[in-house]
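User: I have not worked with this structure before. Could you take me through it, one topic at a time?

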Amino acid sequence: MTPAEDLSNAREILAGVLDLSADTIGDDSSIGNVEEWDSLAHVRLLFEIERRLKRELSPVEIASIASLADIDRILALGAA
Amino acid sequence: MMSAASSQRAQPVRLTTPRFLLRNLLPEDASDRYLSWASDSDVMAPLNAPVVHMTRQQLAGYISSFDAVTRFLIGIFLRDGNRHIGFYMIETDPIHCLASFSVVIGDKEFWGKKVVMETRPALLDHFFEHRGIEKIFGLPLARNIPAIFNYKAEGWQLEGILKGHRRSITGGNRLDQMQFAMLKDEWRARRKQT
């Protein structure tokens, strides 16, 4: 599986944990530019990614997630 | 020759941010509220620290063990109402101009309220600019996701993952730990951008 060109899966997950509409999540969304993305939302996000991948994220993966594009990449790698 | 950091005398920290006051804790800050955090597994588990039941007197003694020269226990208080919600523990190495930071938000009402994002920059400014520190690092456990979020959001660099560096106090299994760090020049550059 390769990263989705429209980042749709990642966008759906991020919007869900932030309780936002998916169309408000821009392609450049990151922990530095989305007000609702706080530390507790980040916990929910990583747990949701793990639930979808059916495995725990590695420390390297945990440390690498800071943007919508990162989520998309992890989903793609995890499903490969 | 003494470094800038080692030539300093004990000087309490007192800093303010829009919502919070940061100041050295005093023995009289040993409250039931503070004691309750040490006995709360939700608060202690992310730190891999055991739940402890202390008396006020024991906690006051612990607070007194911080000398405000190389070891700092800095409380986080609401400016509005002076409510104590957490603390930083900071230890400095004057020889190498290093400091280690760790933080506990004991008041669960403030979890996810960006307390660390607001307060730690003030401490970074202070220790870099006024205490002669040139590098600051933190060592969160690899599953302490809120802590990792805060380091990444503030632009700290992940320097390494220490495999099996801690023994779990609950299960005895080995836990990975991360080292995040910020150099003085990196912090100054980041401050210029914001």
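**Interface and cores**

Analyst: Two salt bridges are found by the rule across the interface of chain B and chain A, a salt bridge being a side-chain nitrogen of Lys or Arg within 4 Å of a carboxyl oxygen of Asp or Glu. The model is predicted, so local features need pLDDT of at least 70 and side-chain atom pairs count only at pLDDT 80 or more, while totals for chains, interfaces and linings use all residues. Residues are numbered from 1 along each chain as its sequence is written, chains are lettered from A and ligands numbered from 1 in the order in which they are written, and side-chain values use heavy atoms, with hydrogens and water left out.

User: How far apart are the closest N and O atoms of B:K114 and A:E35?

Analyst: They are 3.8 Å apart, and B:K114 forms a salt bridge with A:E35.

User: Which helix of chain B gives the most to the side that touches chain A?

Analyst: Helix 5 of chain B does, with seven residues; helices (H or I, at least four residues) and strands (E, at least two) are DSSP runs, numbered from the N terminus.

User: And how many residues does each chain bring to the contact?

Analyst: Chain B brings 16 residues and chain A brings 21, where contact means heavy atoms within 4.5 Å. The area buried between the two chains is about 1,500 Å², with 72% from carbon and sulfur atoms; buried area is the accessible area (1.4 Å probe) that two parts lose on being put together, summed over both. In chain B, the residues that lose the most area to chain A are B:R143, B:I145 and B:F149, together 39% of what that side buries.

User: New topic: which residues have the most contacts inside the largest nonpolar core?

Analyst: They are A:L45, B:L123 and B:F127, in a core of 63 residues. A nonpolar core is a set of buried Ala, Val, Leu, Ile, Met, Phe, Trp, Tyr and Cys residues joined through side-chain atoms within 4.5 Å. Helix 4 (residues 115–130) of chain B gives the largest share of this core, seven residues.

User: Where is A:K54, and is it buried or exposed?

Analyst: A:K54 is in the loop between helix 2 (39–53) and helix 3 (59–64) of chain A. At 74% relative accessibility, A:K54 is exposed; buried means under 20% relative accessible area, exposed over 50%, and partly exposed in between (1.4 Å probe, protein chains only). A:K54 has a positive phi of about 60° although it is not a glycine.
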